[in-house]
Amino acid sequence: MMGLGSAIGAGLFLGSGVGISAAGPAILVSYVIAGIMIIFVMRMLGEMGAALPVSGSFSHYARIGIGRWAGFSMGWLYWFMLIMVLGVEITGAAGIVQSWIPSVPQWVVALVFVTVFAVINLTRVANFGEFEFWFAALKVAVILGFLVIGVLLVFGLLPGTEPVGTEHFLGDGDGFAPNGLAGIAAGLLAVAFAFGGIEIVTIAAAESKDPERSIATAVRSVVWRISVFYLGSIAIMVLVLPWTAASGETSPFVSVLDIAGIPYVSGFMELVVVIALLSAFNANVYGTSRMAYSLARGGDGPAWLSKLSRNGVPRNAVLVSVFFGFVSVLLNWLLPETILGILLNAVGSALIAIWLFIVVAHLRLRRKFEEEGTLRLRMWLFPYLSWFTLAMLIGFICLMLTDTDARAQLVSTFVLFLIITAIGAVWHRRQDARVSRPSAPPAP
């Protein structure tokens with residue numbers, strides 16, 4: 001439920017319209033390609049997570065599978081990415097809520113949200129899990145309801161409706177792929193990052209009672225979850241709506257429900273989007289704090305970040321994540337077009353870099369886990385599908401280079417990665433010098 005709650009966010013509820021407008025009904029192809037890619041990545045991550053469950057799993061696997069520099073760079077890149085996303089999520093949720101109560105300043109709403117979720121994450125891990133479970137359950141219920149209504153609408157089983165046929169699905173005379181392969185490629189860029197967040201499940205499962213079983217169960221269910229929730233929702237949208245009517249300004253979910261004649265749908269979907277944003281914020285506070293905690297424990301961060309409270313919560317790591325999340329909120333209000341834009345651009349393609357590290361670490365660690373006899377979940381057709389996934393990711397990067405905005409994101413992310421790697425080299429040199437420094441002779 002937590003992995004699903006992280007992946008089902010505003011990107012699906014709002015951003016799906018951008019993909020449809022770029023690719024037309026062929027956006028389904030884009031979702032299938034991106035879905036296959038993330039399923040394979042999650043299977044590899046799940047294999048490593050079930051064999052060696054640790055909090056902050058990605059950086060640890062990169063460290064032991066690739067090298068100390070990779071663990072540092074990947075971990076802090078992921079932390080930085082989520083910190084920036086925290087500010088965007090809380091700003092978006094506060095903006096919607098403030099429109100309901102105009103007399104309350106937006107920063108007050110944001111401060112209340114940040115404080116509430118800081119308290120949740122500072123108490124017991126179980127409290128975080130409880131909140132995230134109910135957030136995710138509500139989003140899943142909304143999508144299931146949407147799928148039921150959508151199917152009834154497609155077959156003309158609702159009062160005053162007729163079967164929709166295949167007119168919209170075939171592009172209203174423009175064809176299934178009205179913008180050709182270029183449109184499918186543009187759609188792929190729009191939807192690939194919609195799956196971001198699902199990887200947090202391996203971090204959370206490491207703190208469960210039976211991490212090996214929890215990770216294996218969660219990863220196995222990824223396939224049908226993506227098939228039903230993502231592909232099912234998009235299929236209904238392209239069957240019911242003209243592709244030319246889709247945009248990033250109006251949620252396709254709202255448009256479909258408007259056709260079904262359901263009253264108050266716009267206000268209800270606003271509430272769902274707020275819950276989706278708060279759910280993602282809650283999960284990302286958890287993810288950033290556990291990543292910082294794991295990095296500190298591995299010697300890749302200040303030792304005080306690894307201190308645990310009596311409840312087993314890395315309190316300092318949570319407070320740092322919340323603090324920088326709020327700084328990101330302030331940047332979002334004060335400098336929306338300058339500094340924040342540069343920072344957001346830098347993390348735009350960070351997820352692709354993290355997926356690359358996961359695949360390479362898996363290829364390096366598989367033999368080790370086999371020799372140790374710790375494999376509980378296996379990647380299909382190893383090593384062929386693993387290499388195929390790596391090729392898909394490299395192909396995706398090449399595709400991004402053909403798009404002006406995506407190319408700028410790649411360059412910014414690469415520069416950020418180099419900066420983090422350079423900081424890591426200095427940090428490790430100082431750590432090694434401290435360890436090798438001879439102790440002072442005893443006093444006479």
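These are my notebook entries on a few spots I looked up in this predicted model.

**Ground rules**
I number residues from 1 along each chain as its sequence is written, and side-chain values use heavy atoms, with hydrogens and water left out. As the model is predicted, local features need pLDDT of at least 70 and side-chain atom pairs count only at pLDDT 80 or more, while totals for chains, interfaces and linings use all residues.

**Entry: Arg-366**
I found Arg-366 in helix H17, residues 350-372. (Helices, H or I, are DSSP runs of at least four residues and strands, E, of at least two, numbered from the N terminus.) Is Arg-366 buried or exposed? Arg-366 counts as buried because its relative accessibility is 5%. (Buried is under 20% relative accessible area, exposed is over 50%, and partly exposed is in between, with a 1.4 Å probe and protein chains only.) The Arg-366 side chain makes a polar contact with the Glu-47 side chain at 2.9 Å. (A polar contact is a pair of N or O atoms within 3.5 Å; within protein, one must be able to donate a hydrogen and the other to accept it, and residues adjacent in sequence count only if both atoms are side-chain atoms.) Leaving aside neighbours within four places in sequence, I listed Glu-47, Leu-375, Arg-378, Met-379 and Phe-382 as contacts of Arg-366. (Contact means heavy atoms within 4.5 Å.)

I then looked at the loop between H17 and H18, where Leu-381 lies. Phi of Leu-381 is positive, near 50°, though the residue is not glycine. Leu-381 is exposed, at 61% relative accessible area. Pro-383 is found in the loop between H17 and H18 too, and the peptide bond into Pro-383 from Phe-382 is cis, with omega near 5°. I flagged these because most residues other than glycine have a negative phi, and most peptide bonds are trans.

**Entry: Asp-172**
Asp-172 is another non-glycine residue with positive phi, near 55°. I placed Asp-172 in the loop between helix H8 (125-154) and H9. Its relative accessible area is 29%, so Asp-172 is partly exposed.

**Entry: H9 against H18**
How do H9 and H18 sit relative to each other? H9 (residues 180-191) and H18 (residues 384-401) pack at about 110°, with axes 11 Å apart, and are therefore roughly perpendicular. (Axes are lines fitted to C-alpha atoms, for helices over the stretch in contact, and angles run from 0 to 180 degrees between N-to-C directions; 65 to 115 degrees counts as roughly perpendicular.) From H9, Ala-185, Leu-188 and Leu-189 meet Phe-396, Leu-399 and Met-400 of H18.

**Entry: H5**
H5 (residues 57-65) has seven of its nine residues buried, so this helix is largely enclosed by the rest of the structure. Among the buried ones are Phe-58, Tyr-61 and Arg-63. Gly-67 follows H5 and has a positive phi, near 160°.

**Entry: Val-285**
Val-285 is in helix H14 and is buried, at 0% relative accessible area. Val-285 and Val-114 are 171 residues apart in sequence, yet their C-alpha atoms are 9.7 Å apart in space. Contacts of Val-285 beyond four places in sequence include Leu-86 and Asn-121.

Notes: Parallel < 35°, antiparallel > 145°, perpendicular 65-115°, else oblique.
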